[in-house]
Every structure is written in structure tokens, then in C-alpha cells.
Amino acid sequence: GCSACNDWLTVQPATSILAEDLYTTNDGIKQALNGTYLNMRGVLYNPAGYMGGGGMAESLACSWTVSEGNREYDLSNHDYDSDLVESSLSSSFQGFYKIIVTMNDLIQGVELNKGKISDDVYNIGVGEAHALRALAHFDLIRLWGPMPTGIDGNRDYLPYVTTVQLENYPYSNYQEYMTQLCTDLDSAELLLQRVDLIVANDKSVSYRQNRMNYYAVLALKARVYLYAGEEAKALAVAHELLTDSKVDEYFPAVDPNKLLANQDNPDRVFSTEVLAGIYVKDRADIHTTYFSSEQAGTNYLHPRKNYVNANLFAEETQDYRFQSCWRTASNENEGGYDFIKYEEIAKPTQAGETEYFYAVFMSLIRLSEVYYIAAECEPVLADKYEWLNKMRERRGLSALTVVSDEDFMKRLRT
């Protein structure tokens, strides 16, 4: 045989660590986490991914007008006999559990080698793993579980997977599932609070925005509580976030001068307000493929004519989001507006520019959501409007006067 070939095959590449060694070193744990974030942007979390604005979840919700003959058309028509729909559902289901299994492997491996790694890497690694495991399980129950208002307490819905095993995983009822999900978030919060760079007043905010950091975990917890109908708990977590002075410092409102007065490289994702997001290198190509009225062809995703200005923004076209993320489509009769949030932007020319990361960035959890959660969960009507008005100010909109619960909910949804 070729001994030289055999020797080469047993040498670990500099950029790779063997599975049995992966969780025995600080670098191995970091590499495992990095790989998970890269996998997340594949089919799940990118602008046209299953959980992106142009993907499966939004197609099932009929958010876009689409051409007949493609996956989004079949999804929007809920054609569950379609091979394209079946493939999408199967691929996304497996994608979530792939994240979960990888995080289980990391948590188990790190616990077995705890004495070999630093405390900081342990807390960050296991903390983010618990957070990502919770995120994946939550999106699974939202897609494949019951509506929170229609739970059958005697029915088992999905497995909440926390171990690495070959046997089939037992299914959990809704309450068991959500209890384990909240336990994961509690663990993530405790571990990340100890060492997160943001909590420690580190200025490397943009780096932590690309990870499930401490503040993102709190926001996800508020999201989960509201979904589960536990409004008092959701409000308490939202208050904790919104009254933290570091949140205003690290996640300031978008600067309209950098957004509306900047036509070359506007920050259309409002990156300063993103608690956690994901790096999507081919974001501009995804825009061209799905959202460009001139180039997308049959893949073109567009809203119903006049829906954006009349329904989505209730004619408040001074909203920073309307002004920056929508453009009159070249084919006016087709959709009215093109969605340009992820359109390619020019590279800044200023020396030392460090904020260009928003050109390849997509949000997972926004601070704005926490404001809306606080507004919805407040028991007093005036307080509901107060939180909503704080968010409206961040969008260049005037304050609303207190009218009624019905008016509030109408305003909240636009």
C-alpha cells in the first residue's frame, strides 16, 4: 500500500479537529459553535430560507404573491401533496433537529471535558448551545405544534431532545415541551450573564450580535412567554431588557442620516437595533434571485398591489422602514413595490469603516420586538400606548393618543 497516502490521511488539517478531540480544547468548542452558525444560514435562516422573510414559513402564511409552478406557490396554496412542499417540510424539520443534535453533542462533550477548558469558554459555549437548542425547539413547536389556544393536554406533539442516543426519542406533551424549552433558556441566561462581552462592557458589540448573546436570550424568553400566553412573565422580561441602560448604549435606534440620507450603503437591516443576527455572505445574490422584479423571473416574490402602503404601513409612508426597504417596482402592475431590504450596497469609502458588516447581516431577534411585547402585555391601556410610542419614535412616526384597546391592537399590527 501507499504508506505516504496513509500518513496523509491520518494528519489532522489545521482548520479541522477530529470529533473525539473537538470538545477537549477551547478552540474545538469555538469551532463547533462556528459550524452550527454556518449551518443555520444554509436552508433555515437566510432571507429566502425556510425561516427567512422569503421562505417556507412566510409562504405558508401567504405573505407574497408568487408565480405558479414553484415551491412558494405550492406552499402558499397549502398543497401538501406537492413534492416541493413535502421536500421543504422534511428538509426544514431535519434542519432544526440537526442543530439540536449538534448542540446536545457539544453540551455532553464539554461536560465530559470541563476540566480541560477555560471557565469563560465553558460558559459561552454551553450557554450559546442551550440558547440555540431552545431557538430550534421553539421554531419547531411553532411550525409543527398546536396553536397555544388549542392545546390537547393528553396529546404528545414533538420530542424535546436533550440527549445523544441511538434509540428513538420520546415525544412530549405541550406542557412538558415548553417547560424544557424554558429550562434551556434559564440555563443560557445564567451562563451567558457571567461572561458575555456585552454584559462586561466590551465594545465588540457587532461580534456578539452574530451570536446568541445574553440580551438575545432574554428577548427570546419574552417571545416564548408571550407565545405561551404567559403575559406577566413576558412583560417582566421585556421590562428587564428595556430598563437596562446598557441596552440603549449597545443597541441604539437607527440613525436616519445613515439610512435615508445615504443612498450608497444604507443600513436597511437597522443593524444597531439587532440583538442577534446571522452572517449571510450571499445575501445580495438572494435578493436578486427572489426579490428583484427585473431579474428574479418566476421566483419573484412581491406583495399584492397597494398592500404595502395601505395595509402594512397604514399609509404612514414616512416610516423609516417604508422609505428604506421598499421601492416602486419597475413592473407597477405586478406588485407595486419591490422589497429591497437585502439589495446589494456599496462598500463604504471612509477609512477605518468597521460597520459594513450589515451588508451581509440578517436579524434573528430585534430590540423592536421587545418593545412590542411590552406594549401588548401591559395591563393598563395608557402604558400600552407609551411603549408603542417609544417604538414609533424610533421609526420617525408621531406619537399616538390613547383611544381604545381595539385601536391599540390595530396600531400594533401595522
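**Aromatic rings and their surroundings**

Guide: Of the 414 residues of the protein, 49% count as buried, where buried means under 20% relative accessible area, exposed means over 50%, and partly exposed lies in between, with a 1.4 Å probe and protein chains only. This is a predicted model, in which local features need pLDDT of at least 70 and side-chain atom pairs count only at pLDDT 80 or more, while totals for chains, interfaces and linings use all residues. Residues are numbered from 1 along each chain as its sequence is written, and side-chain values use heavy atoms, leaving out hydrogens and water.

The secondary structure comes to 18 helices and 6 strands; these are DSSP runs numbered from the N terminus, with helices (H or I) of at least four residues and strands (E) of at least two.

Now to the rings themselves. A pair of aromatic rings is described by the distance of the centres and the angle of the planes. A search of the whole structure finds 19 aromatic pairs, counting rings of Phe, Tyr and Trp (its six-membered ring) whose centres lie within 6.5 Å, with planes under 30 degrees apart called stacked, over 60 edge-to-face, and the rest tilted. One of these pairs is W64 with F291, whose ring centres are 5.6 Å apart and whose planes stand at 55 degrees, so the pair is tilted. Because W64 lies in the loop between α3 (56-60) and α4 (71-76), and F291 in the loop between α13 (283-290) and α14 (307-312), this pair ties together parts that are 227 residues apart in sequence. Both W64 and F291 are buried.

The pair of F138 and Y227 has ring centres 5.2 Å apart and planes at 90 degrees, so the arrangement is edge-to-face. This pair also links distant parts of the chain, with F138 in helix α6 (residues 119-144) and Y227 in helix α9 (residues 214-227), 89 residues apart. Both F138 and Y227 are buried. Elsewhere, Y45, F93, F96, Y97 and W144 form one aromatic cluster.

Strand β6 (residues 361-366) is mostly covered, with 6 of its 6 residues buried. Strand β3 (residues 274-279) and β6 pair in the antiparallel sense over 5 bridges, pairing being assigned when DSSP finds at least two bridges between two strands. In β6, I365 is the bridge partner of A276.

In helix α5 (residues 83-112) we find V101, which, at 38% relative accessibility, counts as partly exposed. The C-alpha atoms of V101 and R133 are separated by 8.5 Å, although the two residues are 32 residues apart along the chain. For the protein as a whole, residues 24 or more positions apart account for 64% of the contacts with a separation of 6 or more, a contact meaning heavy atoms within 4.5 Å.
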